[in-house]
Amino acid sequence: MVGKIIEISELNVKVLLTDDARIELGDLLYTIYEGVKRRFEVASISEKEALLIPLESVIGLKRGLDLYVDNEGLSIEYSKNILGKMFNSYGDLIDGNVINSIKKKNIYDKNLSFKEININGDIMWTGIKVIDFFAPIQKGFKIGLLGGAGVGKTVLIKELINNIYKKFKSNSVFVGVGERSREGKELYDELKEANLLDKISMVFGQMGDNAISRSKAIYSGLTLSEYLRDELGQDVLLFIDNIYRFVQAKSEISSELKRVPIENGYPTTLISDISEVEERINSTDNGSITSFQAVYIPADDLFDEAVQTISSHLDGQIVLDRSQAEKGLYPAINIFKSTSSLVDIDIIGKNHFDLITEVLKHLTRYNELEEIIAVLGIDELSNEDKLIFYRSRKLRNYFTQPMFVAEAYTNIKGKFVDINDILNDISDILNGKYDDVSEELFLYIGSIKDSNISG
Amino acid sequence: MESYIDGILNEKIKKIKEEKNVYNFGTVVKINDYIVEVTGLDNVTFYERINIENKAYGYVSLILKDSVIISILKIDSKIFIGDRAFLTGEEIKTYISKEAIGRVVDIFGNDLLSDKKFDSLTKLKMESKQIPIIDRTQVNRPLYTGIVGIDLIYPIGKGQRQLIIGDKKTGKTQLTLDTIVNQKDKDVICIYTAIGKTKKDIKKIYNELLKRGAMNYTIIIAATNDEKTPVLSLCPYAALSVANMYMKSGFDVLVVLDDLTRHAKAYRELSLLSNKTPGRDAYPSDIFYAHSRLLEKGCQHKNGGSITILPIVETKADDITDYISTNVISITDGQIVMSSKNFQKGEKPAINYQLSVSRLGGNVQTDKIKALGAKVRRELLSYLEVREVYEMANMDDMSESLRKRMSDGKKLLSKLIQYKYSPISEDDIIKLFEEKEDIESNNDINNKEDDSNEN
């Protein structure tokens with residue numbers, strides 16, 4: 001025994017320590033009361049007292065209960081057995097499976113050293129026009145999918161799983177943090193039905209779970225990814241939906257521990273909390289981790305402190321925009337804010353690079369013209385502006401795409417588009433090849449050669 | 001004389017001893033509105049029900065070293081410093097009667113229509129346990145609202161959480177009442193939850209539902225405006241606990257939460273009075289979790305039962321990007337946005353089709369309506385977007401095809417206008433739109449050539 005409970009609130013428990021108690025931050029303690037084991041993690045220690053955060057509900061707990069140390073700490077299975085399984089944040093299986101020969105590893109591993117990190121990788125095409133064109137992805141990248149509530153982050157993550165994981169069947173880890181249980185289960189069922197469960201491992205700390213669970217899912221997911229990278233030498237795909245919820249959970253815990261918050265109630269440790277997690281997502285000479293991280297934007301505030309801090313770790317970001325969604329243009333990507341560090345003339349080549357510049361130029365002018373039209377009407381535009389206006393609307397429509405995972409909403413089959421087709425099509429639209437074609441024909445198609453449009 | 005005093009003393013000591021055997025009691029030392037601090041109560045457990053004399057009761061919301069904080073739920077007469085508080089050895093619970101269907105009840109088992117307690121009551125957890133991910137199955141059965149704009153374009157399925165959001169007086173509550181009335185003879189139990197509404201409003205709603213025979217399968221669970229804030233804060237959890245009981249025995253349940261903005265404010269008040277740290281907009285850090293764990297109780301259970309939730313959120317000046325709104329949008333499976341502009345124009349139900357979303361879409365529609373729905377939605381959104389751009393343009397100068405698009409769109413929009421309590425069945429929806437399709441396919445042939453002239 002290391003101590004007794006003296007105070008209880010919803011997300012923290014204070015303990016009076018015994019004289020010979022030897023405990024450290026992050027240790028796992030437990031108590032057994034009325035036959036139920038409840039676990040706690042040590043959050044702070046003073047001379048005689050320690051603050052613990054409870055992993056389970058505190059309803060029914062009372063003062064005076066004895067606490068013991070759980071020597072294993074928070075840990076998760078670290079073997080081939082993780083594939084095809086579903087875990088909760090604390091490393092317990094929640095899909096009804098049982099692993100017989102248990103081989104576990106603590107979920108707080110050390111970061112990679114400067115020397116170990118490898119930053120080279122090949123380009124990884126997603127088949128999604130607007131991503132491959134504006135924000136191409138490299139193996140080993142951290143890609144953020146940023147968006148406010150209900151603009152299509154989860155659909156995009158699922159499309160990426162469909163286009164990359166299903167196509168290449170590389171080992172993957174899906175971490176559900178603070179998102180809908182329904183979606184988690186649907187993804188699990190879909191993969192199971194398509195016989196694709198054997199190469200993926202899943203961790204869920206969803207929005208119905210308490211803040212502790214939501215804050216730990218990411219660590220468990222990282223441990224699984226590290227197993228695949230380090231022990232199996234794999235190029236791992238790590239899908240995190242949604243990394244913002246990790247920060248949100250940390251805020252809740254910090255607030256319960258009565259720590260002084262910074263703006264919007266975020267914890268003072270915001271930056272270090274995020275760095276601690278993001279620095280673990282890296283590639284080595286042995287294997288790589290490419291991560292796709294959905295980032296929720298609270299109150300549609302892109303400059304939110306947490307969102308900005310997360311985005312400083314990203315190699316590429318895709319920003320989803322409510323005004324696009326409002327117009328029914330999906331994926332609702334804001335092309336002005338979406339980019340990646342691959343957009344470099346030396347990497348993607350002059351043609352692709354120039355096309356991006358030209359498209360952005362067109363669409364910037366288009367936005368200005370929209371304002372003019374709102375006052376004066378289209379007829380007042382010069383002929384040159386009229387061309388820009390109509391071609392831009394075609395480009396804008398061309399960047400929509402039917403998604404495989406959204407067939408239920410759109411009733412249109414999904415399309416995977418090759419980058420060379422994308423570049424050709426865009427170049428053709430800009431050069432006026434389709435000036436005589438009606439703009440709505442460009443909505444929800446794959447490549448132009450694969451559509452009803454004839455040049 | 002002495003023996004007389006001794007007699008009284010002995011009597012008192014005996015009483016105290018008795019109480020000590022039966023109860024463990026404490027003394028009120030601080031009163032802050034409905035938050036009361038009590039010393040003593042050594043054996044108290046978290047979330048236990050505590051009685052204060054015979055005049056009030058509440059639950060333990062915080063256990064400190066030397067005292068306990070009680071949130072008061074019911075007060076019959078004033079509490080004073082020095083009043084005695086008694087343990088009950090029991091977690092705070094909600095009470096529901098089998099006779100509650102057809103009645104207006106509170107969360108303590110009282111029938112508000114007759115102002116009496118029900119005879120036989122079932123005790124339920126104030127908050128039911130989360131449904132594990134593995135016990136959930138796909139949401140794919142439709143729940144018809146009888147409203148064309150919803151059933152056809154943004155459908156709701158059994159087990160879905162669909163938010164209704166909009167300004168005051170845009171018909172949010174009406175939409176849910178329409179939905180409840182439309183469940184007649186469909187074997188769905190409805191629970192209308194009134195959070196902080198006036199007695200007058202609740203009576204009106206009761207009368208509306210009674211008049212239309214909807215009270216035969218509906219319970220109204222109310223926490224009226226003048227209840228203590230902790231009651232308002234607990235009310236939706238209690239309602240979902242009742243829903244959970246029915247779902248577990250295989251029923252389909254529809255829960256309306258009217259409304260979560262009021263609930264968020266009650267929760268904020270309670271948190272701040274309990275000395276929690278304020279975050280964004282002064283809401284406590286766990287306000288997201290307060291709503292996410294509540295709405296995660298909605299699900300399609302593998303046993304066949306389901307809980308569908310229609311939460312209501314009130315906005316100001318049609319802005320759905322404020323903190324609470326985006327929180328709830330990011331939890332629910334879609335949102336029906338109500339627009340005050342449409343309401344004023346007489347386009348009722350005043351749904352803003354551009355901002356509304358259903359994340360489940362065609363998954364919850366039958367095949368015959370799914371194809372039609374996807375088509376109508378695409379046409380409607382495309383019309384609304386085009387209308388915005390070309391509204392200023394001169395109708396007479398428009399190309400034939402554009403002019404037709406504008407007039408077709410107008411016709412389409414007019415088919416979505418509907419009076420209250422006049423549901424349209426799935427078959428009638430199909431009939432309503434079939435006519436249009438015939439005309440359109442004829443015109444398509446005639447207008448083929450015009451398309452190319454548009455630009």
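Q: In this predicted model, are Arg245(A) and Glu179(A) buried or exposed, and how many residues apart are they?
A: Both Arg245(A) and Glu179(A) are buried, and the two form a salt bridge in which the closest N and O atoms are 3.3 Å apart. Arg245(A) belongs to helix 5 (residues 243–256) of chain A, while Glu179(A) sits in the loop between strand 13 (172–177) and helix 3 (181–193) of chain A, so that the pair links distant parts of the chain, 66 residues apart.

Q: Which parts of chain A does the salt bridge between Lys139(A) and Asp235(A) tie together, and how many residues apart are they in sequence?
A: The closest N and O atoms of Lys139(A) and Asp235(A) are 3.2 Å apart. Lys139(A) is partly exposed at 24% relative accessibility, and Asp235(A) is also partly exposed, with a relative accessible area of 33%. Because Lys139(A) lies in the loop between strand 11 (137–138) and strand 12 (142–147) and Asp235(A) lies in strand 15 (residues 235–241), the bridge ties together parts of chain A that are 96 residues apart in sequence.

Q: Where do Lys411(B) and Asp408(B) lie?
A: The side chains of Lys411(B) and Asp408(B) meet in a salt bridge with an N to O distance of 3.9 Å, and Asp408(B) counts as buried at 18% relative accessibility. The two residues are 3 residues apart, about one turn of the helix, and both lie in helix 11 (residues 400–414) of chain B.

Q: Which residue joins the side chain of Asp385(A) in a polar contact of 2.9 Å?
A: Asp385(A) lies in helix 11 (residues 383–398) of chain A and counts as buried at 14% relative accessibility. Leaving aside neighbours within four places in sequence, Asp385(A) is in contact with Arg365(A) and Leu369(A). The side-chain partner in the polar contact of 2.9 Å is Arg365(A).

Q: Which residues does Ser213(A) contact, leaving aside its neighbours within four places in sequence?
A: Ser213(A) has its place in helix 4 (residues 211–231) of chain A, and it counts as buried at 6% relative accessibility. With the neighbours within four places set aside, its contacts are Ser89(A), Tyr90(A) and Gly205(A).

Q: What area is buried between chain B and chain A?
A: The size of an interface is often given as the accessible area lost when the parts come together. Here the contact takes 73 residues from chain B and 79 residues from chain A. Carbon and sulfur atoms give 52% of the buried area, which is about 6400 Å².

Q: Which element gives the most to the side of chain B that touches chain A?
A: Between chain B and chain A there are 9 salt bridges, and one of the salt bridges joins Glu385(B) to Arg393(A), with the closest N and O atoms 3.2 Å apart. The elements giving two or more residues to this side of chain B include helix 7 (287–295), helix 10 (367–390) and helix 12 (426–453). With 10 residues, the element that gives the most is helix 10 of chain B.

Technical notes:
Residues are numbered from 1 along each chain as its sequence is written. Chains are lettered from A and ligands numbered from 1 in the order in which they are written. This is a predicted model: local features need pLDDT of at least 70, side-chain atom pairs count only at pLDDT 80 or more; totals for chains, interfaces and linings use all residues. Side-chain values use heavy atoms; hydrogens and water are left out. Helices (H or I, at least four residues) and strands (E, at least two) are DSSP runs, numbered from the N terminus. Buried means under 20% relative accessible area, exposed over 50%, partly exposed in between (1.4 Å probe, protein chains only). Contact means heavy atoms within 4.5 Å. A polar contact is a pair of N or O atoms within 3.5 Å; within protein, one must be able to donate a hydrogen and the other to accept it, and residues adjacent in sequence count only if both atoms are side-chain atoms. Buried area is the accessible area (1.4 Å probe) that two parts lose on being put together, summed over both. A salt bridge is a side-chain nitrogen of Lys or Arg within 4 Å of a carboxyl oxygen of Asp or Glu.
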